[in-house]
Structure formats: C-alpha cells, structure tokens
Amino acid sequence: MKNSITYTYCLFILCFSICTVLPAFAGTWRDDFEDNITREWEIFNLDRQVEKWWINDGEAVGEIFFPGFMSLWLTGEMDWRFYSVSCRVMLEDDRNDPPYIGLTLQDRGHEGSRYLFMIYFVSNSVSIIKGVAGGGSVNQPFVVEKEVWYDITASVSEDGTLKFKINDFEFTAVDPSPLRGGQAGLVVGDARARFDDVEISGDNIPNGGPGKPRDVEPQAKLATTWGKLKIR
C-alpha cells in the first residue's frame, strides 16, 4: 500500500545557510501537454489502485481519491536546485476529504525531502511546507474556488527565500538551511485536478521540454506580499 506522506510542522531559526556553486545553464524547461506524451514524467511511489495521471485535451490530469494520501507527478533531475516552477491549475472534482493541489520543488523522492507549495480548498488557505522530518510550514488565508483556473508560481532561491504566487498574490518564507536539489512536480490530494503550461526555470535548468512558451496576460493588480516568515 502506498505510504502516507506526513510531516510534523515546527517553526524556528537555524543559524546558518549553505550555498552551492551551480553550472550556468540559465534555461527554461517547458511542457504544455499538447503532444499527449508523458514519458518526461513519473508518478512517485505509484499505487495504480488509488492514483493516476494522464493527458486530456492538452492538459495534464492528476487524480487520487484515497483519503489522507497525495499523488506527486515528477520530472527533471536530482541535481536541479534553486529554480522556479509555474503552471495553470484547476480543481476539477473532489469527494470526501478536504482537497488540495500544488507544486513540489527540490523533491528527492524516497529520501523524503521536498518543498511543497499547496492550495487548500476547504480551509481557503495556502502553505509553504519544508517536507522533511521535523520540518516546518507557513500558512496564509486565500479564498479559492473549484473549477476556476489559477496561475501559480513557486520558487526556491540560493539564499533560502521561498516564494509562492497565486494569480496576483504572493507570500514569502525564509529557510536558513535550504534543502538539497531535486526534481520538480505537480501535486494533488483527495481530488482530481488539471494542470497546464508548466515552466521550470533556473541557473542550472537546461532549455528544453516538449512545450512552447505561453502567452502571458498582464495582471490587473500588483503582487501583494504577506511578509517574510521563518521556516525551519
């Protein structure tokens, strides 16, 4: 049976951070799912009885309705570090447990190390989570609706700054001890969600992927920052 991913959240400040010199690719990897091919992606810890990911009408669809579990669809390399991920996402269906959707960055799979940037629909909140044993989280209120597309962007910087932007709202956390590099991915829990126009950019991300650049519409308002909060 697929293992549940559970973390204890506690917030405190460490006294140092670690910086690493990275190769200067400075590129962008894209997937707009128009080719209906999923070989660039892999479901983490796959359990075919409770989860699945597929392409429909040029969009990626992720589904898991097993209570208390989430599904991660990963791409990229373990040495990807300090990058940003953006996409469009919509909650399409949910059942019993509170649904949530989001992104995972610097994900190291079975090593149990990742950053999660999550949207929770019942509690109308968003979170940045350091997904390690004894990790931490920061949370902010944000009203979200089912069957509405959201533009989301998550990023991890070399100085430990973590940013999560949903449409024109942004909040920021600081991790004084950033995680090691890892893959990027899409996340769904207790729901079926649609994702599109994935872009992953960073200093050590090579240009590539099957997708084309997306036309970006101008935002009606400037981004609102809710403040820098410390995360373990």
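A charge sits over a ring if NZ of Lys or CZ of Arg is within 6 Å of the ring centre and within 35 degrees of the ring normal. Keep that in mind for the second view. Welcome to a tour of this predicted model, told as a set of close-ups.

Figure 1. Start here to get your bearings before zooming in. The protein chain has 232 residues, and buried residues make up 53% of them. Now look at the contacts in the chain with a separation of 6 or more: 74% of these come from residues 24 or more positions apart. The views that follow pick out some of the places involved.

**Figure 2. Two arginines lie over the faces of aromatic rings: Arg88 over Trp149 and Arg114 over Phe44.** For Arg88, the distance to the ring centre of Trp149 is 4.3 Å. For Arg114, the distance to the ring centre of Phe44 is 5.2 Å.

**Figure 3. Tyr100 and Tyr120 form a tilted pair of rings.** A pair of aromatic rings is described by the distance of the centres and the angle of the planes. Counting rings whose centres lie within 6.5 Å, the model has twelve aromatic pairs. In the pair shown here, the centres of Tyr100 and Tyr120 are 5.5 Å apart and the planes meet at 45°, so the pair is tilted. Tyr100 belongs to strand β7 (residues 100–107) and Tyr120 to strand β8 (residues 114–120), so this pair ties together parts that are 20 residues apart in sequence.

**Figure 4. Six aromatic residues are joined into a cluster by ring pairs.** The members to find are Trp29, Phe33, Trp41, Trp53, Trp73 and Phe195. Two of these names, Phe33 and Phe195, come back in the next view as contacts of Glu59.

**Figure 5. Glu59 is a buried residue in strand β4.** This strand covers residues 59–64. The relative accessibility of Glu59 is 14%, and it counts as buried because that value is under the 20% cut-off. Which residues does Glu59 contact, leaving aside neighbours within four places in sequence? The list is Phe33, Trp54, Trp149, Arg194, Phe195 and Asp196.

**Figure 6. Thr104 is buried, with a relative accessible area of 0%.** You will find Thr104 in strand β7. A polar atom of the Thr104 side chain lies 3.4 Å from the backbone oxygen of Tyr115. Beyond neighbours within four places in sequence, the contacts of Thr104 include Leu72, Leu74, Arg114, Tyr115 and Leu116. Also among them are Gln183, Ala184, Gly185, Leu186 and Val187.

**Figure 7. Ile200 is another residue with a relative accessible area of 0%, and is buried.** Ile200 lies in strand β15. How far apart are the C-alpha atoms of Ile200 and Thr28? They are separated by 5.5 Å, although the two residues are 172 residues apart along the chain. Not counting residues up to four places away in sequence, Ile200 touches Thr28 along with Gly27, Trp29, Thr75, Trp80, Tyr83, Ser84, Val85, Ala184 and Ile205.

**Figure 8. Phe82 and Asp197 have positive phi values, though neither is a glycine.** Phi is about 55° for Phe82 and near 55° for Asp197. Phe82 sits in the loop between β5 (70–75) and β6 (83–94), whereas Asp197 lies in strand β15 (residues 191–202). Phe82 is buried, with a relative accessible area of 9%, and Asp197 is buried as well, at 16%.

**Figure 9. One cavity of 30 Å³ or more is found in the whole structure.** The volume of the largest cavity is about 40 Å³. Which residues line this largest cavity? Look for Phe65, Pro67, Arg95, Asn96, Asp97 and Asp190.

Methods
Residues are numbered from 1 along each chain as its sequence is written. This is a predicted model: local features need pLDDT of at least 70, side-chain atom pairs count only at pLDDT 80 or more; totals for chains, interfaces and linings use all residues. Side-chain values use heavy atoms; hydrogens and water are left out. Rings of Phe, Tyr and Trp (its six-membered ring) pair if their centres lie within 6.5 Å; planes under 30 degrees apart count as stacked, over 60 as edge-to-face and the rest as tilted. Helices (H or I, at least four residues) and strands (E, at least two) are DSSP runs, numbered from the N terminus. Buried means under 20% relative accessible area, exposed over 50%, partly exposed in between (1.4 Å probe, protein chains only). A polar contact is a pair of N or O atoms within 3.5 Å; within protein, one must be able to donate a hydrogen and the other to accept it, and residues adjacent in sequence count only if both atoms are side-chain atoms. Contact means heavy atoms within 4.5 Å. On a 1 Å grid over the protein atoms alone, a cavity is a set of points where a 1.4 Å probe fits but cannot get out, and a pocket is an open set with protein on both sides within 12 Å along at least five of seven lines; lining residues have an atom within 4 Å of a point. Grid points are joined across faces, edges and corners, and a volume is the space filled by probe spheres set on the points.
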